[in-house]
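Subject: Structure handover

Hello,

Here is the structure I promised to pass on. Please open it first, then read my notes below.

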Amino acid sequence: MGVVSVHQYPIPEGKSGQQVIDHLVKCLETLGATKTGTFCVDCETYYSGPNINPSRVLNIIHNSEHPASCFALLDTGTCLVCDTNFDQLMLTMSGLYHSKKSTKMESKGTRFQLGDFIVKVGSVSIGPSFRGILIEVEYGPCVIPNYCWDLMKEFMGGFMSSPRDPHQYLQGKMNDIFTPIDTIQQYNDHFNSIRKSTAAATSTASTPTHQSSSGRSTPSAGIAQSIPTKQ
Amino acid sequence: MNLESTRRSAQQEYILQGSIVNDSCEILLHRLRGLCDNGDAAPETFKDHEYVYTIRQPNGQPLTLRVRQSLEKKDYPWHLRYLGQPEIGDKNRATLVRSCIDVACSSNICTFLSEMGFKLDYEYISKGFIFKKGRMKVTVSKIFRLLPPGNVNTDEHVSQSYLVEVSVVAPTGQDALAEEIRSFAEQLKPLVQLEKIDPRRLQ
């Protein structure tokens, strides 16, 4: 694998998620990208029971790009890479760590290939409800983010307004060899921020007096681009 | 490809255990070389460091997980193992049966388990030989204490004998395997008497 950068794509007002995705797909196809299947990154969150002190949150993430692996991320930052039997192990720990089915998130959609780049346009959902769009761009021939970031940025500019900076997590690892864990960490951060903004929106809707909590902006709000100008 | 069904498929371990004194171990190894696959090659050796982690569940029962690292092949993945309660069964059941989950994992597993709330209970070194016969795995190994703590090059063995185990890990319900293991164990008599050993009765 090469270097992967994951970005949240904001949905302009008045547009539905599906409309934005259709537009992105059209842009990519116009650029000459070919569909190479589908992908899915899913995340299940487990919370520690009362007898575990300090309490912990464990995110179990699977990525269809690494179908035999399972990534277990603790809120301490430790990421365990293991095979998918770990899911079964989590069932035996049901008394210690329990998951809330309603918090299961996934980003799924179409995978495109364009030369050395792989682009994945994913629609993010929590249970049945749509929550946003995540775009994953991978540049295959390089493993050091610093060496190819400018190229990736320019490439992204072709179908979305390019982000100014890499994802915050990647910024600290620009000169390190990129690993599949780095992709998962980016997804985890995005999932957490989408989850938080959803929770904030829900709490604002139920208690209109707490307006300050709704003012959270998405990390990549700067990459918004008006759809009509792109056509 | 149905990943979900692969993830959920439960595995069980069918196992018989026994021991042999040091002096007779060489004869057993010869016998195993004759009985098992790849008899023309020298027996495969292993030296593993096993860490045993436990955590108390809300119902008061401890949950134990075992972590193994190969000291001979440092680049191999670490191995995390859950073993369920052993079922002895009646006289008709030939082997001990216990549910078993094997997970290959990255080397930060010990940190990961500690952060999850598990406590390191004990650790030891297991060193010996491994044979295969079809789906069966036969190990002849010696257990060493880590003395002083952390010293993996210890020669502080626990006893004057070797632990002998014959096991198969298979999906649930393949009870015919138990018979296969029993008939194999018969061929090792009278050198070693392999039995269903309930660890709860040893405590």
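This is a predicted model: local features need pLDDT of at least 70, side-chain atom pairs count only at pLDDT 80 or more; totals for chains, interfaces and linings use all residues.

Start with helix α3 of chain B, residues 109-116. Four of its residues are buried: B:Ile109, B:Phe112, B:Leu113 and B:Met116. They sit on the same side of α3(B), because they cover an arc of only 95° around the axis.

What covers these buried residues? Both chains contribute. From chain A, the cover includes β4 (69-74) and β5 (79-83). From chain B, it includes β2 (44-56), β3 (62-70), β4 (78-83) and β5 (96-105). Just past the end of α3(B) comes B:Gly117, with a positive phi of about 115°.

Next, the contact between the chains. On one side are 23 residues of chain A, and they are in contact with 25 residues of chain B. Within chain A, β5 and α2 (86-92) each supply at least two residues of the side that touches chain B. The most comes from α2(A), which gives 5 residues. By type, this side of chain A divides into 10 nonpolar, 10 polar and 3 charged residues.

Now chain B as a whole. Its secondary structure comes to 5 helices and 9 strands. From the N terminus on, the order is α-β-α-β-β-β-β-α-β-β-β-β-α-α. The radius of gyration of chain B is 18 Å, close to the 17 Å that the globule rule gives for 203 residues, so chain B is as compact as a globular protein of that length. Its C-alpha trace spans about 45 × 40 × 40 Å along the principal axes. Buried residues account for 23% of the 203 residues in chain B. Take the contacts in chain B between residues at least 6 apart in sequence: 63% of them join residues at least 24 apart.

Last, strand β2 of chain A, residues 34-48. Which strands pair with it, and in what sense? One is β7(A), residues 105-114, antiparallel over 8 bridges. Another is β3(A), residues 57-63, antiparallel over 7 bridges. There is also β6(A), residues 97-99, which runs antiparallel to β2(A) and is joined to it by 3 bridges.

Look at A:Cys43: its bridge partner in β7(A) is A:Met105, and in β3(A) A:Cys43 stands opposite A:Ile61. For β6(A), look at A:Tyr97, which stands opposite A:Ser48.

Best wishes

Terms used:
Residues are numbered from 1 along each chain as its sequence is written. Chains are lettered from A and ligands numbered from 1 in the order in which they are written. A residue is buried if 20 or more other C-beta atoms lie within 10 Å of its own, exposed if 12 or fewer, and partly exposed in between; C-beta atoms are placed from the backbone. The arc is that of the directions from the helix axis to the C-beta atoms. Two residues are in contact if their C-beta atoms, placed from the backbone, lie within 7 Å. Ala, Val, Leu, Ile, Met, Phe, Trp, Tyr, Cys and Pro count as nonpolar, Asp, Glu, Lys and Arg as charged, and the others, Gly among them, as polar. The radius of gyration is taken over C-alpha atoms; the globule rule is 2.2 Å times the number of residues to the power 0.38. Two strands pair if DSSP finds at least two bridges between them.
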